[in-house]
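Here are some notes for a colleague opening this model for the first time. Please read them with the structure in view.

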Amino acid sequence: MAAEPVAWRADGVPRSERFGDNYHTETGALAQARHVFLGGCGLPEAWSGRSKWLILETGFGLGLNFLTTWQAWRADANRPRMLHFVSVEAHPVGPEDLLRAAGAYPELMPLAEELAAQWHGLLPGFHRLAFDQGRVLLTLCIGDVQPMLRAQRFEADSIFLDGFSPEQNPAMWSPDTLKAVSRFARQGTGLATWTCARAVRDALSQNGFQLETRPGLPPKRDCLAGVFAPAWTVRRRGPAPEHVEAPGRCAVIGAGLAGAAVAASLARRGWQVTVLDAADRPAAGASGLPVGVLAPHVSPDDALLSRLTRAGIRATWLELERLLQEGRDWRAAGVLERRPEGDTRVPDGWSESGPNESWPASAAQLANAGLPADAPALWHARAGWVRPSRLIEGWLREPGIEFRGNAPVARLSRSAAGWQLRDAADRLLAEADRVVVAAGYESGRFAPELPLQPVRGQVAWGRMAGDLALPATPLNGDGHLIAHVPEDEGALLWLAGATFDRDSTDLVPQAADADANRERLERLHPVAAAALAPAFEHGEAKTWVGIRCASGDRRPLVGPLGEAGLWACTALGSRGLSFAALCAELLAAQWHGEPLPLPANLAKALGTERTAP
C-alpha cells in the first residue's frame, strides 16, 4: 500500500516503471490537459452558465488534468456553481510527486499545494476532497477501474480517458472498461483522449460515441474527441438518478449536527434553507454536548462501519478546517483508543507508515498519555476533539441559511407550493419545496415508519484546576476522556462519559449514571480518575444529559420518506461528528444527480429504503 514510485527522467518527464510509459507527453502536462482534454470537451465554453459540471476521468496519475480543470474553473466568470471531478486511480503516487509534477507550472502550484494537503489516507475505496469552500469536489476512486466504475453512478458532462498506453495497460482500455465508461454518458456527453488506437476507437463507436480525430501534441500526431450520440435508445439499469432541475426553498427540521450539515450542503448548491427548531438556539439537543471525540471505528476485516466512519471523518475534517479555529474550536490531537486485553488487531498490511491512519499504539504514545507501555490500544492519527456547537454555528452562518428558533413543527402538509410546516396551534411556520427531517429522536413524529430509538447519554464535565494532571490526548474505548479544552473565558474543560440508556428520554441527571461514568473513567485511565476524584466528591463535576437517536442497525438513515420532496437525515447515534457532513453530502448528491461521496453499496447501507419491509 506504499505510494506508487515515479521515475523522473533527466528532462523532467515523469515515468511509470510499472507500466513502462510516461505520465504525459514531452510537450508538457499543462499543454496536454488544455489541448487534448479541456479542448477536446469544449471547455470551459461548454460549462458556461451551467449550475454544475460533472467530469469522469480514468487515470488520475499526477493530477494535472484535475489541476488544469480547476484552474480553468477559477478563471471563468461564467463557471458553474459546482464542479465535480471523479477520477479512478489504482496506484496513487505520493504527495511529493504531485508537487514536483506541478512545480513546472507556477499557475498550478498553489492549487497543487491544496491538493497535496488533502492527499492522505488513500486506502482502496472512495475519497472525497473539497476545495474552494466546497464548490470544487474531487472524488478519488482508489482501485481497479472496473470495480470502481461499478461502485459509482452519475451522468457525466465530460469524460477524460487518460490511462497509460493501451499496449502497456490494456485493462484500462478494454472493451468491457469502455462499455462501463459509456454508462456514465448521456446524450451530448463529451469525451477526449490522447490515444487514437484502433481498438479504442472501435469500442467507443460501438458504445454510442461519435468520434473525431484532431491534431495532437508532439510527438503524438493525433488525439481523439467525441460526443455520446447513439443511434439507439439507451436503456438504463434501474431508475434514473433523481435530478432537481433548480435549487429552491428547503425547510430543515432540527438544528443539531444533522440539520445544520444538511442546510450547509444545500446552501452551497444554491438552495434557500430555513432551519426550524423548537428550542430558541441551535445545538440545544444531543448536539449540545460540551465537547466530543471524533475518531473512527476500526475492525480487523475493515467492516462496513469502519469504512463509513473513515469516510465520514474525512468529510467532517474538511469542514472543521474550513470553518473553525484549530486549538480553540477543535484540536487535531489524535485519539488513543483503549482496547480489550490482547485485541489491537487492524486489517492486514496496516502499519504506522500508512496510508492507513490508525495502527497499534506505540510505547511512546502510551507513555505520553500516561498509560503503561503494555496497555492494549490503537492510535488514531486522523482524530481529535470537537466542540459540536461551534461546528453547527459555522454551518448555519453559510449564505442562504436562515435559523428560526422557538418554531416547534407539529405537522407537515402538502400544498400547491410544496410543503407547509405548522405548529401545534396550526400556525404556519414555513413553506418550502422540500423538507428534510433531521430532528433526532423526534424525527419519528414525521417518519413513523423509520426504526428509531432514543438513547439517553449522561456525561460528567468540569473546569480544570491549574495543577490538574490529565492527558493531553483524548482517550476513548469503554467511555472516553477529553481534557485541556479551552473555554471562552480562558478556562480549560474536561469531560468524561458517557452512559447508554436505550428507550429513555429522561433529561434529569441520575446519580447512578454519575457513578457509572466514574467507574468507566477508572478503567480507562486510573491516574486521571484519581486526579478527578475530588471534583466528583466535592460536587464540582457538572452533569450534561442528551438524548441521541439511533436506528435499528446503528447506522444513519438518509433518504426519501415515501412522499415527493420529503426526506430524512437522522439516526446519527453517538457518531454525529463522524456522520453529519457525510450524510448531508450524500443527500445533496442524490437530489442533484451528482457523483456519490461513497461507493454505491455504502450509500445504500445508509438509505431509508433499507428499512422497508
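1. Start with helix α1. The model is predicted, and the cover over the buried residues of α1 includes α2, β8 (156–161), β9 (185–193), β10 (209–215) and β11 (222–228). Helix α1 spans residues 29–40. Its buried residues are A29, L30, Q32, A33, V36, F37, L38 and G40. Just past α1, G42 has a positive phi of about 70°.

2. Next, the aromatic residues. The structure holds 17 aromatic pairs. One of them joins F66 and F85 edge-to-face, with 5.3 Å between centres and 70° between planes. F66 belongs to helix α2 (residues 64–75) and F85 to strand β5 (residues 82–89), so this pair ties together parts 19 residues apart in sequence. F66 counts as buried because its relative accessibility is 1%, and buried means under 20%. F85 is also buried, with a relative accessible area of 1%.

3. Look at the wider group around that pair. F37, F60, F66, W70, F85, W119, F131 and F160 make up one aromatic cluster. F37 is also among the buried residues of α1.

4. Two arginines sit over rings. The charged end of R434 is over the ring of W591, 4.6 Å from the ring's centre. The charged end of R548 is over the ring of F500, 4.4 Å from its centre.

5. Now a helix pair. Two packed helices are described by the angle between their axes and the distance between the axes. Helix α9 (residues 304–323) and helix α14 (residues 576–592) have axes that come within 7 Å and cross at roughly 75°. The two helices are therefore roughly perpendicular to each other. On the α9 side, the contact is made by L305, L308, T309, A311, G312, I313, A315, T316 and E319. On the α14 side, L577, S578, F579, A581 and L582 take part. The contact residues divide into nine nonpolar, four polar and one charged.

6. Is R390 buried or exposed? R390 is buried, with a relative accessible area of 13%. R390 lies in helix α11 (residues 388–396). Apart from neighbours within four places in sequence, R390 contacts L324, R328, D329 and D488. R281 is 109 residues from R390 in sequence, and their C-alpha atoms are 12 Å apart.

7. D433 lies in the loop between β23 (428–432) and β24 (434–437). D433 counts as partly exposed, at 33% relative accessibility. Leaving aside neighbours within four places in sequence, D433 touches G248, R249, A417, G418 and W419.

8. Which residues are joined by cis peptide bonds? P218 and P219 are joined by one, with omega about 5°. P219 lies in the loop between β10 and β11. Another cis bond joins G354 and P355, with omega about 10°. P355 is in the loop between β16 (335–338) and β17 (358–360).

9. Q133 is not a glycine, but has a positive phi of about 60°. Q133 lies in the loop between β6 (125–131) and β7 (136–142). D426, also a residue other than glycine, has phi near 65°. D426 lies in the loop between β22 (418–422) and β23. At 40% relative accessibility, D426 counts as partly exposed.

Notes: Residues numbered from 1 in each chain as written. Predicted model: local features only at pLDDT ≥ 70, side-chain atom pairs only at ≥ 80, totals over all residues. Heavy atoms only, no water. Axes fitted to C-alpha atoms, helices over the stretch in contact; angles between N-to-C directions. Helix = DSSP H or I, 4+ residues; strand = E, 2+ residues; numbered from the N terminus. Parallel < 35°, antiparallel > 145°, perpendicular 65-115°, else oblique. Contact = heavy atoms within 4.5 Å. Nonpolar A, V, L, I, M, F, W, Y, C, P; charged D, E, K, R; others polar. Phe/Tyr/Trp six-rings, centres within 6.5 Å; stacked < 30°, edge-to-face > 60°. Buried < 20%, exposed > 50% of the residue type's maximum accessible area, 1.4 Å probe, protein only. Lys NZ or Arg CZ within 6 Å of the ring centre and 35° of its normal.
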